[in-house]
Amino acid sequence: MLSNFLKLTWRNLAKHKTHSSITICGFAVGIAACLLISLFIRDELSYDRHTPDGERIYRFYVEYHYQGNVYWSTSFPSPFAQTILNEYPEIEKVGRLFPVPLFGAGDRFFRRADQNQNFFEEGFVWADQGLIDTLQIPIVQGDPRKALSDPRSIVISKKIADKYFPSEDPVGKLLVVNNNAEQPYRIGGVMADFPQNSHLQYNFFMSLAGTPFGQRETTRWTQSNHNTYALLKEGVDSVALQEKLKNVIRNHYKPAFEAEGSVVAKDIEEMVFIKMLPVRDIHLKSVGILEPGGQTRGDIRFVWLFGMAAVGIFLIACVNFINLSTAKSANRAKEVGLRKVVGSNRALLIQQFLGESLIISAFSFALAVVMAELFLPVFNHLLNKDLSLPWMTWQFPLLLLVAILVVGFLAGLFPAFYLSSFKPISVLRGSLSMGSRSGSIRSVLVVFQFSACILLIIGTIFVYRQQQYILSKPLGYDREQVVMIEGTNVLGQQIQSFKQELRKLSGVESVSISDYVPIAGGTRNGNGFWKEGRSTLDPAVNGQRWIIDEDYIQTMGMRLVEGRNFSVEIQSDRQAAIINRRMAEKLGLSNPVGSRITNGFAVNEVIGVVEDFNFDSLTSEIFPLCMNFGYASRIVNLRLVAGQHQQTLDSVQSVWAQFVPNQEFRYNFLDESYAAMYENVRRMLSILTWFSVLAIVIACLGLFALSAFMTEQRSKEISVRRVIGASFASILQMLSLSFLRLVFISFMIAVPFSWYLLENWLNTYEYRINLRWDVFIYAGMIACGVAILTVSYHAFRAAHRNPVHGLRSE
């Protein structure tokens with residue numbers, strides 16, 4: 001019986017080569033896309049799954065309600081960690097991470113104490129011994145119990161140890177960071193490299209022991225800079241614990257703010273809430289949470305988006321299979337009728353058709369795996385990942401086998417029952433000869449296919465337009481022709497001389513010393529601000545305090561709308577401030593120039609106001625900003641003369657070598673760094689575009705084969721029409737009208753659904769485009785054009801075919 005089924009299946013596939021090829025290829029393309037998307041989703045969901053006891057580890061964050069807005073931040077006061085460990089027996093261990101670039105986290109130059117050559121490395125961060133204990137970070141060299149216990153100790157990653165201490169034990173050796181040879185760090189241990197799917201991507205842990213960041217920082221509850229992690233004891237209810245943390249606000253935050261005379265103290269219990277996020281959710285569920293240090297995070301919304309795309313493509317491929325199988329009903333009707341006449345029952349026919357479906361599924365999966373392997377390098381390039389098919393795991397082959405059986409069974413279920421339901425007498429009388437044109441279920445499936453395609457077309461166009469709007473939107477500053485030289489803090493007292501030498505170069509328009517750059521990842525310093533004398537009466541206006549020099553505004557191409565710039569010749573400018581319009585608005589300064597404002601530590605007179613400019617992602621609003629005069633020396637910014645970049649950069653590098661000959665020259669263009677902020681979104685857009693094209697191609701393959709069979713079934717009608725003088729246009733209209741009707745129905749379904757989804761997505765952006773009807777019209781025109789082009793091929797062949805061939809059987 002099995003041998004007979006296989007022979008019949010093979011003969012049927014071989015008899016209709018074009019149809020079989022389209023069916024298998026369409027199925028394979030859809031499955032290959034699903035495989036690739038599944039690899040991406042699997043990788044995104046795997047973050048921090050390797051962490052021991054990860055189900056019991058949480059990172060805390062603050063939810064802050066202020067003036068009708070809600071903000072989230074991972075920053076906590078220094079004493080928070082020890083306090084919750086002491087007061088909550090549910091907590092077993094706590095650890096702190098200090099990723100604030102303002103205090104030296106991020107990228108640094110360093111060298112071995114016994115060498116002179118400096119090297120640039122990324123991934124410096126402050127941490128305490130508790131972090132190693134809480135996250136159970138493997139220490140491969142050194143004592144894991146005290147690797148970060150001592151002041152000015154440092155833990156390095158294994159790849160750093162292998163790179164700079166080959167064939168040596170680095171534990172106990174000294175490192176000089178940023179040329180500060182007077183205060184070197186002693187290596188306390190070597191940690192295993194963090195895997196790619198870890199939310200922590202650091203190479204250096206500098207000890208927090210004995211390292212205060214400001215006056216009374218280690219005991220102060222009104223200064224927040226630390227990320228705090230906790231390992232809960234077995235069986236602890238995290239939701240109940242989170243509820244108990246309200247007592248921390250009441251017993252510690254509130255008294256501290258009251259002691260400083262803050263007006264928010266009385267309402268702080270209704271404004272500030274402590275939340276807990278599982279460590280395994282940090283990568284995908286941290287969107288919107290302010291996290292110092294500029295770590296790249298994923299987005300659970302993209303996972304859902306790609307998951308839905310995979311399901312949509314898979315369903316389109318399955319719909320193709322069902323449509324193509326039922327479209328052959330007239331061709332196989334006599335086969336079914338004759339087999340029933342000679343004694344075959346319906347159960348055997350269902351088994352045969354399901355068997356054919358399973359064989360096609362097996363062929364399709366085999367081809368899909370080959371396609372996925374071939375296109376995986378391209379997919380990895382688009383995602384900037386290193387994904388691979390998990391051949392070495394036993395689960396993957398098993399999943400493939402199960403998928404072949406399940407997909408083959410489900411996709412073939414309807415065609416099997418449909419084809420086996422033909423009555424012999426109806427078949428032999430020929431009453432099913434027109435059956436392929438009257439399938440209401442098939443029409444519903446075509447509508448589903450084109451609804452999904454139109455939805456993808458509309459979504460792709462709007463996502464593209466939104467990203468282009470972001471990348472081309474006026475930002476309030478000129479990011480073109482600006483170069484940022486990194487690591488200039490190692491120049492020390494020579495930095496002003498370095499600046500003056502750069503100003504002499506003909507290709508340099510202006511030079512500024514400041515690492516407060518208007519892109520994500522630049523130095524940030526959040527402060528509360530008040531009008532002078534109102535700090536105990538009004539809630540603070542939360543904003544940024546930046547340190548800039550007298551040339552910053554010119555170098556960044558910002559516009560001064562009121563007052564004047566800083567001047568090195570006016571001594572009082574050291575206590576002055578330039579603010580943005582948003583700060584003036586939030587503080588209620590109708591005439592800001594001459595007003596006096598304070599951040600609780602110093603009082604500044606406002607001497608100028610700049611136009612608002614974006615200094616973070618355009619998904620967030622512009623924050624109030626206060627700029628004070630000074631030199632934040634980690635970055636020197638240059639505005640170059642257009643058209644002389646390479647020549648000028650060579651000259652700049654020569655000047656650099658004169659000042660620090662033992663240090664690498666590193667720079668970035670501001671516009672490129674800005675574009676990098678949206679690199680992940682651009683990658684997702686590229687992939688979404690390709691999958692949209694793929695879905696359309698799959699739908700076209702099905703429509704191509706379906707129209708071929710429709711044309712074949714109407715060949716006699718077309719021949720008769722040709723004999724009586726019908727034109728090609730009328731035949732094309734006859735064949736395409738039914739398909740265009742289905743496309744129109746698809747369009748009417750897809751438009752409101754896509755409008756709802758896109759409106760909600762665009763609302764996540766502070767600056768967004770409006771939904772315009774022209775895109776919906778374009779999408780409908782594309783769908784109609786695709787349908788007409790697909791059908792017209794067969795219409796052209798049928799119309800130019802000799803009518804004698806269509807009427808020969810008569």
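Start at the second largest cavity, which holds about 120 Å³ of space. A cavity here is a set of points on a 1 Å grid over the protein atoms alone, where a 1.4 Å probe fits but cannot get out. Its volume is the space filled by probe spheres set on the points. This is a predicted model: local features need pLDDT of at least 70, side-chain atom pairs count only at pLDDT 80 or more, and totals for chains, interfaces and linings use all residues. Residues are numbered from 1 along each chain as its sequence is written, and side-chain values use heavy atoms, without hydrogens or water.

Select the lining, meaning residues with an atom within 4 Å of a point. Among them are Tyr66, Gln67, Arg582, Lys586, Glu621 and Phe623. β2 (69-73), β18 (541-548) and α17 (581-587) each supply at least two lining residues. Helices (H or I, at least four residues) and strands (E, at least two) are DSSP runs, numbered from the N terminus.

Next, select the open sheet of 4 strands, ordered β16-β24-β15-β25 with antiparallel pairing. Strands pair if DSSP finds at least two bridges between them. β16 (508-513) and β25 (667-669) stand at the edges with a single partner strand each, so one side of each lacks a neighbour in the sheet.

Zoom in on β15 (482-486) and β24 (635-640), which pair over 5 bridges. Val482 stands opposite Arg639 in β24.

Contact means heavy atoms within 4.5 Å. Finish with helix α18 (645-659), which lies across β15, β16, β24 and β25.

How values were computed. On a 1 Å grid over the protein atoms alone, a cavity is a set of points where a 1.4 Å probe fits but cannot get out, and a pocket is an open set with protein on both sides within 12 Å along at least five of seven lines; lining residues have an atom within 4 Å of a point. Axes are lines fitted to C-alpha atoms, for helices over the stretch in contact, and angles run from 0 to 180 degrees between N-to-C directions.
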